[in-house]
Amino acid sequence: MIPLPFQIILTAIVASILAGITCSVVGVFVVQMKLSSIGFCMSHAAFAGAALGLLLSTDPLLTALVFSSIVALVLGPLSERAKLSPEIIIGIMFSLTIGLGFIFLNLSPGVAATQQALGILWGSIFSVTFDDLLLLGLLTFFIIFLLTVFFKELQSLMFNRKLAEASGINTSLFYFLILFLIGVTVAFSLKLVGGLLVFALIVNPASSALQFLYDLRKVMLVSPFIGALTCLVGFLLSLLLNFPIGSSIIIVSSFTFCLSVLLSPKRRRG
Amino acid sequence: MVKYGMHNKMVELYNVDTIYEGEALPAIKDINLEVSRGEFVTVIGPNGSGKTTLLETVNGLQKVTRGKVIVMGQDMSHNSLKVRKEIGYVPQDFISDPSVPFIVRDVVLMGRYGKIGVMRRPNEEDIKIAEEAMRIIGIEEFADRPIGKLSGGEQQKVMIARAIAQEPKLLLLDEPFSNLDIDSKRRISDILCRLHDENGLTTLMVTHDLLSIPKRCERVIVMSRGRIIAEGEPADTIRKIEDLNVMGWSL
Ligand SMILES: Nc1ncnc2c1ncn2[C@@H]1O[C@H](COP(=O)(O)OP(=O)(O)OP(=O)(O)O)[C@@H](O)[C@H]1O
Ligand SMILES: [Mg+2]
C-alpha cells in the first residue's frame, strides 16, 4: 500500500460517500421508471464529452455535462413516446459515444492526457480536488432538496405516468427534470469510477434496495445508504489491495446486489 | 378567455377526430357529444370501437387531431392540466407489477396529488378523504399492502377508490366492473349512484356488461368503428341496437 497524505484520503472518502448517495438516489428513478437505456447512453456520452474536454483542454466536467444533456434532450422525447425501443437506443448510442470517446482520446496529445484519459475511463478518485468536492456536495444537496420538495409528484410519476398525468400533474416537466438529474449525476461521478462503470453505481444500490422494500419512502432512504456504504467499502478495498478504485467499488456493489437478490423476500416463498 | 357552450355543459366534443401517433386512420372520428352537469352516461360498443380513446380524448390524455374538446367550459387544448385535477379516471385493466414499491394507502392518496398542487404536502384533511374513499369501497384491510400483491379485482377497487378520493366533478370509468365479483359489482355500482345522486357527480362509464348499467343512467351511447352510431334512453337504445344486430350481442 502506497502511503498517501491524509488530506487526499479524506477528500476521496467524502467524495465516495457523496457520489454514492447521489447516484443511488437518482438510481431509484432510473430503475423504477425503466430509464436504464437512456441512463446508460448518458453515461457513455458523458465519457465521450469528457474525452472531448481533454482534447480541447477545457474542463472535462463541463463537456461531459453538455454531452449527457444532449442525450437527454434527444433521447428523452423519443423514448418518452416509445418511438424507439431501448435496445435500439443502446445499440446505436453505445457504439457511437464510445467510438467518439476513443477518437477524442486518440487525438489528445501528450502523456499527461493519457493519464487523464485513463482517469476518465476508469476513474481517478485521488485527482478529486476540493472544488470538485464542493460541487459534488452542492449536487447532493440539490437532489435531496428537489426530492423533498417534489416528492409527491415524483412518487406519483414513478407509480404510473399516465395516471399521474390524468390527475393533473405536469409529468413532462418532472420527467425531464429526472433526465436532467441523471445527466448531471453521471457527469459529476465520472471522476470517481470512470465513464465505463458509473452506470452500475446508479443502478446497483437502487436495485438492491428494491429487492427488500415495498414502500418508496424507505427505498429512498435505504438506497443512498447502500450506495454510500458500497462506495466507502469499495474505496477502502482498493487502498488495501491496490485495485483500481472504480473496479473495486463496482465489485462491492455488484456483490451487494447479488446478496440482496439471494436474500430478497420478494423472491422467497412463504 | 372564451367560454364555449352553455354553463350547464360538462363535456362538449365538436367534430372530434383522434389519431394515435404513427397511425393513419383515426381511432375515433366525427364525434359530437354533449354531457350535461350531473348526467350519468354509459358508453358501449365492441372491442376496438374507440371507447377508451373517447374517454382519454375527454380528459386530454390523447390529443385531438381535429375538432374541439371543451370540459367544464375550458378548451382542453390549452387548459387540460388544470381541468384534469377535477376529472377522476379509472383506466381499463390497470395492473401493477408485483414488486412495485407502492402501498395501497399511498396509491389512493395519489389521486389527490394534482389537486393539492406543487410544493404542498397532503394535509390531515387529504388523508381523511383518502381513508374514507378506501372505507366506502371496502379496501381498508389492504391499506398497508403493496398494490402489486393484490388480485386484479382488488387492484381495480384501489383505482376506483383513488378516483373517488380525488373528489372529481367529472368521473371517467373504463370498464370499472370487469374484474369484480357480483357482490362487489353491486356495492360499487351503488356507491357510484350515490355519488351521482348526492353530489351531482357527472359520470361517463364504459362497460361491456349491459346488465351492469345502473338505473341512474340517463343515456347510453353506442360506438362502432370509431363513430357514435346510436344514442338515447338506455332501454330504447339497447333494443334498437339489438334490432340492428350491429354487434351480435344479446342481453
Ligand atoms: N396506442 C395505440 N396506438 C395505435 N392505435 C391504437 C392505440 N390504442 C388503440 N388503438 C386503436 O384505436 C382503436 C380504438 O381503440 P380503443 O382502445 O379506444 O377501443 P375500445 O373500444 O376501448 O376497445 P376495448 O373494448 O377492447 O377496450 C382500435 O382500432 C385500436 O386498434
Ligand atoms: Mg377500451
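## Terms and model

A residue is called buried under 20% relative accessible area, exposed over 50%, and partly exposed in between, with a 1.4 Å probe and protein chains only. The structure is a predicted model, in which local features need pLDDT of at least 70 and side-chain atom pairs count only at pLDDT 80 or more, while totals for chains, interfaces and linings use all residues. Residues are numbered from 1 along each chain as its sequence is written, chains are lettered from A and ligands numbered from 1 in the order in which they are written, and side-chain values use heavy atoms, with hydrogens and water left out.

## The magnesium site

The magnesium ion, ligand 2, is coordinated by B:Thr52 through OG1 and by B:Gln92 through OE1, at 1.9 to 2.1 Å. Donors here are N, O and S atoms within 2.8 Å of the metal (3.2 Å for Na, K and Ca), and because water is not among the atoms, sites may look incomplete. The two coordinating residues link distant parts of chain B, being 40 residues apart: B:Thr52 belongs to helix H1 (residues 51–58), whereas B:Gln92 sits in the loop between strand E6 (87–90) and helix H3 (104–110). Helices (H or I, at least four residues) and strands (E, at least two) are DSSP runs, numbered from the N terminus.

B:Thr52 is partly exposed, with a relative accessible area of 24%, and B:Gln92 is also partly exposed, at 32%. The loop that holds B:Gln92 also contains B:Asp93, which has a positive phi of about 50 degrees although it is not a glycine. Most residues other than glycine have a negative phi.

Among the 14 residues around ligand 1, B:Gly48, B:Lys51, B:Thr52, B:Thr53 and B:Gln92 come nearest; a residue counts as near if one of its heavy atoms lies within 4 Å. The shell around ligand 1 divides into three nonpolar, eight polar and three charged residues, where Ala, Val, Leu, Ile, Met, Phe, Trp, Tyr, Cys and Pro count as nonpolar, Asp, Glu, Lys and Arg as charged, and the others, Gly among them, as polar.

Several contacts of ligand 1 are made through its oxygen atoms. One oxygen atom of ligand 1 is 2.7 Å from an N or O atom in the side chain of B:Gln92, an oxygen atom is 3.2 Å from a polar backbone atom of B:Ser49, and a polar side-chain atom of B:His208 lies 3.4 Å from an oxygen atom of the ligand. The protein covers 62% of the 630 Å² of accessible area that ligand 1 has on its own, an area that comes from the Shrake-Rupley method with a 1.4 Å probe.

Strand E9 (residues 219–224) of chain B is mostly covered, with six of its six residues buried. Both faces take part: B:Arg219, B:Ile221 and B:Met223 lie on one side, B:Val220, B:Val222 and B:Ser224 on the other, and all are buried.

Two strands pair if DSSP finds at least two bridges between them. Strand E3 (residues 40–44) runs parallel to E9(B) and is joined to it by four bridges, with B:Val41 standing opposite B:Arg219. Strand E10 (residues 227–232) runs antiparallel to E9(B) and is joined to it by five bridges, with B:Val220 standing opposite B:Gly232. E9(B) and E10(B) form a hairpin with two residues between them, and in its turn B:Arg225 has a positive phi of about 45 degrees.

## Other strands of chain B

Four bridges join E6(B) to strand E7 (residues 170–174), which runs parallel to it, and the bridge partner of B:Val90 in E7(B) is B:Leu173. In the loop between helix H6 (152–165) and E7 of chain B is B:Glu167, whose phi is near 50 degrees, a positive value in a residue other than glycine; B:Glu167 is partly exposed, with a relative accessible area of 41%.

An open sheet of four strands in chain B has the order E2-E1-E4-E5, with antiparallel pairing. Its edge strands are E2 (28–36) and E5 (74–75), each pairing on one side only. Strand E1 (residues 9–18) and strand E4 (residues 66–71) are joined by five bridges, and B:Leu13 has B:Val69 in E4(B) as its bridge partner.

## Two buried helix residues in chain A

A:Ala45, in helix H2 (residues 36–55) of chain A, is buried, with a relative accessible area of 1%. A:Ala45 and A:Ala187 are 142 residues apart in sequence and 9.2 Å apart in space, C-alpha to C-alpha.

A:Leu133, in helix H6 (residues 130–149) of chain A, is buried at a relative accessible area of 13%. A:Leu133 and A:Leu62 are 71 residues apart in sequence, and their C-alpha atoms are 15 Å apart in space.

Key: Polar contact = N/O pair within 3.5 Å; in protein donor to acceptor, adjacent residues only side chain to side chain.
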